[in-house]
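The sequence and the structure come next.

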Amino acid sequence: MATRCPEVAQFDAQRFDNQAEGHSVLIAALKPLEVALVVMEATGGYETELACALQAAGLPVAVVNPRQARDFAKSMGRLAKTDAADARMLAEFAAVLLRRDDLARFLRPLADPQQQWLAALVTRRRQLLAMLLAERQRLQITPKALHPSIEAIIAAIQAQLDDIEGQMVGHVREHFAELDRLLQSASGIGPVASATLIAELPELGRLNRREIAALVGVAPMANDSGASRGRRRIQGGRFDVRRVLYMAALTASRRNPVIKAFYERLIAAGKCPKVALVACMRKLLIVLNAMVRTNKPWDNALHGA
């Protein structure tokens, strides 16, 4: 955390339970300190309830990629890693973020209960898909006599997956129908991609084109030093959003007239297919961001310019 006073990291590290009672105790401890920003690492969903509780109490929260936090610690010469050291380092990181003009892009939008439930459904669907893939791979290397056992598990997982997808689509239709209609107006964005973007990218429409691309991790990063010009690469960002965006761009590069023409133009210019597809991901994301910001559906004439 960072406070409004200079003694940003002078408080002793304390431990709190990650449950409702512990959240209340933490909020009570932070309130008198005039906290200007709370920074926490993304931990696969374990941070969500605390972030929401802090936001509900009026505290601004930034959830950062653990690699960002670790890189910051290394840049400050903090190589040791303990809970106390990490807490102090995150407080120092918060103080740095507070001085940035683009602080707003680091702040976590306040998630309502409907969005939290959608995020839980999207996460559960992803878990079931991973389990299904694992069982199908085992089927290929397991003696045939054991196939009925694996096939029974596959059938059970598939049934659960169908149920979760049904709940996900129904929840989006009930609570996010307008935003879903807007996103799916873009060829390449289907129900799963739309639900994932709504659940895991609430910043969509709130940031500019460079910020949203960097947040997701589809902005090419320079790797230059002196006269040397290294290859640009994408890195960091929200992997699960990027994975869904990859499949959406792959479909769009074949069926969406604008993205298809863009992809073919890049290939004709000598770009390799993977680089061209990443560029399509970035273009698709930027257009979706503009659509949500302006509340206007996909327009081939407009976005093809």
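## A pair of packed helices

Helices α10 and α11 pack with their axes 6 Å apart, at an angle of about 90°. This is a predicted model, and the geometry of the pair is computed from its atoms. Because angles of 65 to 115 degrees count as roughly perpendicular, α10 and α11 are described as roughly perpendicular to each other.

On the α10 side, the contact is made by Ala249, Ala252, Ser253, Arg254 and Arg255, while α11 contributes Pro257, Ile259, Lys260 and Tyr263. Sorted by class, the contact of α10 with α11 has 5 nonpolar, 1 polar and 3 charged residues.

In soluble globular proteins, nonpolar side chains tend to be buried together. Here the largest nonpolar core has 53 residues, and those that touch the most other members are Leu118, Ile189, Leu201, Leu284, Leu285, Leu288 and Trp298. The elements that give two or more residues to this core are α5, α6, α8, α9, α10, α11 and α12, and of these α12 gives the most, with 11 residues.

Which residues does Leu118 contact, once its neighbours within four places in sequence are left aside? They are Met168, His171, Val172, Phe176, Ala195, Ile198 and Ala199.

Helix α8 is mostly covered, with 8 of its 10 residues buried. The buried residues are Ala193, Ser194, Ala195, Thr196, Leu197, Ile198, Ala199 and Glu200, and the buried residues of α8 pack against α5, α6, α7, α10 and α12.

The loop between α8 and α9 holds Glu203. Is Glu203 buried or exposed? Glu203 has a relative accessible area of 4%, and because buried means under 20%, Glu203 counts as buried. When residues up to four places away in sequence are not counted, Glu203 touches Pro109, Ile212, Leu215, Arg238 and Asn289.

## Partly exposed helix residues

Ser24 lies in helix α1, which spans residues 20-30, and its relative accessible area of 46% makes Ser24 partly exposed. Along the chain Ser24 and Leu50 are 26 residues apart, and their C-alpha atoms are separated by 9.4 Å.

Asp162 is found in helix α6 and, at 44% relative accessibility, likewise counts as partly exposed. Between Asp162 and Leu128 the separation is 34 residues in sequence and 10.0 Å in space, taken from C-alpha to C-alpha.

## Cysteines

How many disulfides does the model have? A disulfide is a covalent bond between the sulfur atoms of two cysteines. With a pair of cysteine sulfur atoms within 2.5 Å as the criterion, the count comes to 0 disulfides.

Terms used:
Residues numbered from 1 in each chain as written. Predicted model: local features only at pLDDT ≥ 70, side-chain atom pairs only at ≥ 80, totals over all residues. Heavy atoms only, no water. Helix = DSSP H or I, 4+ residues; strand = E, 2+ residues; numbered from the N terminus. Buried < 20%, exposed > 50% of the residue type's maximum accessible area, 1.4 Å probe, protein only. Contact = heavy atoms within 4.5 Å. Core = buried A, V, L, I, M, F, W, Y, C linked by side-chain atoms within 4.5 Å. Axes fitted to C-alpha atoms, helices over the stretch in contact; angles between N-to-C directions. Parallel < 35°, antiparallel > 145°, perpendicular 65-115°, else oblique. Nonpolar A, V, L, I, M, F, W, Y, C, P; charged D, E, K, R; others polar.
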